[in-house]
Structures are given as C-alpha cells and as structure tokens.
Amino acid sequence: MHIQPRPFDHPDAVELNDQVQLEYAERYGDEGDVTPLDPTMFVPPNGLYLLAYDARGRPVATGGWRSQERNDEGYSDGDAELKRMFVIPEGRGNGLARRILAALEDDARAAGRVRMVLETGDQQPEAIALYASSGYAPCEKFGHYRTYDSSRCFAKPLR
C-alpha cells in the first residue's frame with residue numbers, strides 16, 4: 001500500500017467519495033453527508049487530501065483535513081477538521097485508516113494546527129472505536145450536523 005496526496009476532485013477521490021456517500025446513505029437512511037466541501041479546502045498548507053492505493057494501483061482508502069477557525073458552527077481557532085475517512089470494504093482490517101489518520105495528524109501539526117476535530121455518527125461504531133483508540137475524546141458538537149442526535153464529535157490536541 002502506498003499513500004499519496006491527491007486533490008479532492010481527483011477522479012480516484014471522486015470515486016471513493018461516491019462510495020462513502022452510498023455507505024452513509026445506507027447506514028443513515030438519507031442522501032449521505034451533505035456538508036459543503038470544496039476542493040480548495042484541502043490545498044496545502046490549509047489542508048491535505050490523501051489516497052491509499054493497493055499493489056495493483058487501485059484506490060482503497062481516503063482521508064483529508066481542512067483548516068477551521070472560530071465560527072458560528074462551533075469550531076475553534078487552530079482546528080484541523082478530519083473529513084472523508086473511508087476504506088473500501090475489501091481493504092478494511094489492514095490498518096489503512098490508522099495510517100492515513102496518523103499522516104493527516106502529522107501534516108496538520110506541521111501546518112501549525114493545534115487540534116484535530118472530527119464529526120462522525122452513531123451508526124459508525126468502527127470509526128468511533130478507531131478515533132477513541134487513537135486518543136480522540138468526545139467534545140462539544142460542531143459543524144453541519146451539530147444539531148443532530150446521531151452526531152458524535154471528537155477532538156485531539158496536536159501539540
């Protein structure tokens with residue numbers, strides 16, 4: 001497996017984003033994650049988007065972070081928000097999400113971000129377990145889904 005930076009609108013990123021949206025829709029019975037995202041949000045040094053490829057060159061996992069500052073959606077100055085962490089079903093259980101998460105944390109830290117935050121949902125227990133085992137703790141809700149009962153927000157200091 002090798003992990004490469006890619007633009008959020010790269011065809012491989014779009015393919016995996018479509019897959020994760022289908023999984024969100026199935027788990028939550030809705031249209032998927034409608035958080036507004038723009039490819040420019042993931043351009044260094046204000047963010048980063050990563051794709052993992054298998055030995056045959058197929059995209060199998062993805063994840064990114066984007067800068068956030070204090071605003072009316074509950075973010076704090078210096079936040080790096082984790083977005084679109086996803087591993088295709090056949091790639092799960094191999095530590096890919098953990099490797100991408102560590103790379104994103106390192107990059108956000110190097111960019112001067114002070115806290116990594118993420119929002120997931122109660123229908124994603126494996127994601128919650130990954131974040132808890134990686135040092136994330138529940139925090140005050142933020143972001144697009146902050147008013148939803150199913151929303152779960154976590155944070156981890158980067159310094």
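1. Five elements each supply at least two residues of the lining of the largest pocket: helix 1 (11-28), strand 4 (79-87), helix 2 (96-110), strand 5 (115-121) and helix 3 (125-133). Helices (H or I, at least four residues) and strands (E, at least two) are DSSP runs, numbered from the N terminus. Strand 4 gives the most, with six residues.

2. A word on where this comes from: the model is predicted, with local features needing pLDDT of at least 70 and side-chain atom pairs counting only at pLDDT 80 or more, while totals for chains, interfaces and linings use all residues. Residues are numbered from 1 along each chain as its sequence is written, and side-chain values use heavy atoms, leaving out hydrogens and water.

3. What is meant by a pocket here? On a 1 Å grid over the protein atoms alone, it is an open set of points where a 1.4 Å probe fits, with protein on both sides within 12 Å along at least five of seven lines; lining residues have an atom within 4 Å of a point. The largest pocket holds about 810 Å³ of space, a volume being the space filled by probe spheres set on the points, which are joined across faces, edges and corners.

4. Have a look at the lining: among its 35 residues, Y24, M85, T120, Q124 and A127 lie nearest the pocket centre.

5. T120 deserves a visit of its own. It sits in strand 5 and is buried, with a relative accessible area of 5%; buried means under 20% (1.4 Å probe, protein chains only). The T120 side chain makes a polar contact with the side chain of Q124 at 3.3 Å, that is, a pair of N or O atoms within 3.5 Å, one able to donate a hydrogen and the other to accept it; residues adjacent in sequence count only if both atoms are side-chain atoms. Leaving aside residues up to four places away in sequence, T120 touches A127, I128, S150, S151, R152 and F154 (contact means heavy atoms within 4.5 Å).

6. Now follow helix 1. Its buried residues are D12, A13, L16, N17, V20, Q21, E23 and Y24, and their cover includes strand 2 (47-53), strand 3 (59-68) and strand 4. Just after helix 1, G29 takes a positive phi of about 65°.

7. Two backbone details are worth checking. R84, in strand 4, has a positive phi of about 55° although it is not a glycine. P44 and P45 are joined by a cis peptide bond, with omega about 5°, and P45 lies in the loop between helix 1 and strand 2.

Conventions:
Buried < 20%, exposed > 50% of the residue type's maximum accessible area, 1.4 Å probe, protein only.
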